Amino acid sequence: MNASTDTPIAATLASFAAGLHYDAIAEAARERAKYLILDAVGIALASTRYEFAQRTLSAARELGEGDSDVIGLGARLSLRDAMLLNGVLVHGLDYDDTHGRGVIHATASCLPAALGIAAQYDASGRDLLTAYVLGMEVATRLGAVARGGFHQVGFHPTGLIGAFGCALIAGKLQGQSAAQLAMTQGIVLSTASGSLEFLEDGAWTKRMHPGWAGVAGLTAATLARHGFTGPKAVYEGRFGLFKSHLGEREAECDYALATENLGSTWEVGEVAVKPLPACHFTHAVADAAVILHGQGVRAEDIVRVTALMPRETIAIVCEPEAGKRKPASSYEAQFSVPYAIASGLLRGRFGLPDLEPQGFADPAALALMEKIHYQVDPDSGFPRHYSGEVIVTLRDGRQLRHREAINRGAADRPLSSADIVAKYRDNAHTAVAPQRAEAILDAVFNLDAGSARELSRALAAAA
């Protein structure tokens, strides 16, 4: 399905959403969706052990109790607050999946929204899965339209664009007509948000973006269901999403990507599962550093390190250089190319343990980061691939280098199903007993034979 030149994109997406049903989704896409959900659930369970999760829970409880489940925390909150907190849990460790062209963590918003709303309406597992896939298809395509532009002007697509996917998830599960679903998108345009200012000081605000997208989406959908109206030219209008947020960069947008092959090509198959718990832009050079470590490179022999990075990622993970070389928090460390490389060269790894203060404040890591510089990668595959290369100059004059042209986990180099299950178990086992982790795994893989409420309850018990 593609939009005609005189049909608003929102109307085309609304028509697609209204007509989508479980059997219309390719079986491979439905199966891939389950693995993406499993990955997100494992991350959410691991996040329950962290301070940010407990502080968010305390704030949500102050706003009031309810009857919607929170993953792994044994709490019952209002539906919107539960979606907010579940989004924080999925996205909080920056270990969740990424759609390359959209540069968006779509599951982090779409899963909490689909899970919470489907459980509220006592929908079937098939309906939950359909709504989740719908949100993913919409959010990833809308993100792709901007061609990486949102990051360049300070917006975080995971929150900003995620709201539109969540709005259609909510409207779909509420049984809205195509006309109502179009209005839903118009209304959510005024509530979608997500600032990248957290990059300046490692603030926690990024963690709330996907959950807030769910809050915005449900609010917009419910208003539309009751007759509230929104604008029609949501995306391409004079003050629509792309012109209002991108300014001059709107000229670079490819609006056709919003509806291209909608319903025949499934973007869930293009979503990359992260092998490392950090900004996806750091992964290629982190892996390259680990490989160089394995080849015998030692920190004490290094004179200089050069990272070749896609131009579009530099403002996010390489600048300002002084700050990236001295991360003051785990979040700053997750967005630091110097630290990702230093950890790989020093320890032969870059994982959750390395994001603790003893990792990024290690004097040896700090000393090595001072030697790490960046240059624009002339052979970048961005945005399809988050490629990167590490070049190490040694005291004896030798230069060693390793390039990751396609980042590990990308659609063209995916983690296997077994890898995803192993990652889930590693994360889940930090918070729950192995027996419960296996029960949750079974509940996810049998989702289309059960109910949304059954899955929600299975995930909810406190670790």
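Select helix α13 (residues 283-294). Its buried residues pack against β5, α17, β7 and β8. Contact here means heavy atoms within 4.5 Å. Buried means under 20% relative accessible area, exposed over 50%, and partly exposed in between, with a 1.4 Å probe and protein chains only. Helices (H or I, at least four residues) and strands (E, at least two) are DSSP runs, numbered from the N terminus.

This is a predicted model: local features need pLDDT of at least 70, side-chain atom pairs count only at pLDDT 80 or more, and totals for chains, interfaces and linings use all residues. Residues are numbered from 1 along each chain as its sequence is written, and side-chain values use heavy atoms, with hydrogens and water left out.

**Stop 1: stay on α13**

How many of the twelve residues of α13 are buried? Nine are, and the helix is mostly covered. Among them are H283, V285, D287 and L292. Now check the length. The expected span of a helix is 1.5 Å times one less than its number of residues. The twelve residues of α13 should span 16 Å, and the end C-alpha atoms are 17 Å apart, which agrees. Step just past the helix to G296, which takes a positive phi of about 105°.

**Stop 2**

Select residues 388-394, strand β7. Six of its seven residues are buried, so β7 is largely enclosed by the rest of the structure. Two strands pair if DSSP finds at least two bridges between them. Pick R304 and find its bridge partner in β7, T393.

Which residue in β8 is the bridge partner of V390? It is H402. β7 and β8 form a hairpin with four residues between them. In that turn, G397 has a positive phi of about 95°. As you look along a strand, remember that in a regular strand the side chains alternate between the two faces of the sheet.

**Stop 3: aromatic pairs**

Rings of Phe, Tyr and Trp (its six-membered ring) pair if their centres lie within 6.5 Å; planes under 30 degrees apart count as stacked, over 60 as edge-to-face and the rest as tilted. By this rule there are 13 aromatic pairs. Show F198 and F335, an edge-to-face pair at 5.6 Å centre to centre, with 70° between the planes. F198 is in the loop between α10 and α11, F335 in the loop between α16 and α17, and they are 137 residues apart. Both F198 and F335 are buried.

Then show F281 and Y386, also edge-to-face: 5.0 Å centre to centre, 85° between the planes. F281 lies in the loop between β4 and α13, and Y386 in the loop between β6 and β7, so the pair ties together parts that are 105 residues apart in sequence. Both F281 and Y386 are buried. Finally, select F150, F164, Y235, F242 and Y255, which ring pairs link into a cluster.

**Stop 4: charges over rings**

A charge sits over a ring if NZ of Lys or CZ of Arg is within 6 Å of the ring centre and within 35 degrees of the ring normal. R207 lies over the face of F52, at 4.1 Å from the ring centre. The charged end of K423 sits over the ring of Y95, 4.1 Å from its centre.

**Last stop: helix α4**

Select residues 79-91, the 13 residues of α4. Buried or exposed? Twelve of the 13 are buried, including L84, L85 and V88.
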